[in-house]
Amino acid sequence: MRNRLKVLRAQRQWSQATLGEKLEVSRQTINAIEAGRYDPSLPLAFKIAHLFGQTIEDIFEYDTQLSADP
């Protein structure tokens, strides 16, 4: 899944640690989401969207290239 989290965070000049504190997750979790190594849970995705005043769909995009459909 692709996301715009890094861009949104940078626009506010927040570090990964700062964003993690606001979302009550670790800096490592933010890093993994931004790098596309971890997809957030639905409750966390809603928290992220609410924090940035956007919809989940505005921040996260399903990448069909990554799909393993037969």
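Let's start with Phe52. Leaving out residues up to four places away in sequence, Phe52 touches Leu5, Leu8, Arg9, Arg12, Trp14, Leu19 and Ile59. Touching, or contact, means heavy atoms within 4.5 Å.

A word on the model. It is predicted, so local features need pLDDT of at least 70 and side-chain atom pairs count only at pLDDT 80 or more, while totals for chains, interfaces and linings use all residues. Residues are numbered from 1 along each chain as its sequence is written, and side-chain values use heavy atoms, with hydrogens and water left out.

Now the core. The largest nonpolar core has 15 residues. Phe52 is among those with the most contacts inside it, together with Leu5, Leu19, Ile48, Ile59 and Phe60. Such a core is a set of buried Ala, Val, Leu, Ile, Met, Phe, Trp, Tyr and Cys residues joined through side-chain atoms within 4.5 Å. Helices α1, α2, α3, α4 and α5 (56–59) each supply at least two residues of this core. The largest share, five residues, comes from α4. Helices here are DSSP runs of H or I, at least four residues, numbered from the N terminus.

On to α2, residues 16–23. Which of its residues are buried? Gln16, Leu19, Gly20 and Leu23. Buried means under 20% relative accessible area, with a 1.4 Å probe and protein chains only. Seen down the axis of α2, these buried residues fall within an arc of 100°, so they line one face of the helix. The arc is taken from the directions from the helix axis to the C-beta atoms. They pack against α1 (5–11), α3 (27–34) and α4 (42–52). Just after α2, Glu24 takes a positive phi of about 60°.

Next, α2 against α4. Their axes come within 10 Å and cross at roughly 110°. That makes α2 roughly perpendicular to α4 (65 to 115 degrees). Axes are lines fitted to C-alpha atoms over the stretch in contact, with angles from 0 to 180 degrees between N-to-C directions. Leu19, Lys22 and Leu23 of α2 meet Leu44, Lys47, Ile48, Leu51 and Phe52 of α4. By class, that is six nonpolar, no polar and two charged residues.

Last, α2 against α3. These axes come within 8 Å and cross at roughly 105°. So α2 is roughly perpendicular to α3. Gln16, Ala17, Leu19, Gly20 and Leu23 in α2 contact Arg27, Ile30, Asn31 and Glu34 in α3. The classes are four nonpolar, three polar and two charged. Asp, Glu, Lys and Arg count as charged; Ala, Val, Leu, Ile, Met, Phe, Trp, Tyr, Cys and Pro as nonpolar; the others, Gly among them, as polar.

Conventions:
Buried means under 20% relative accessible area, exposed over 50%, partly exposed in between (1.4 Å probe, protein chains only). Angles under 35 degrees count as roughly parallel, over 145 as roughly antiparallel, 65 to 115 as roughly perpendicular and the rest as oblique.
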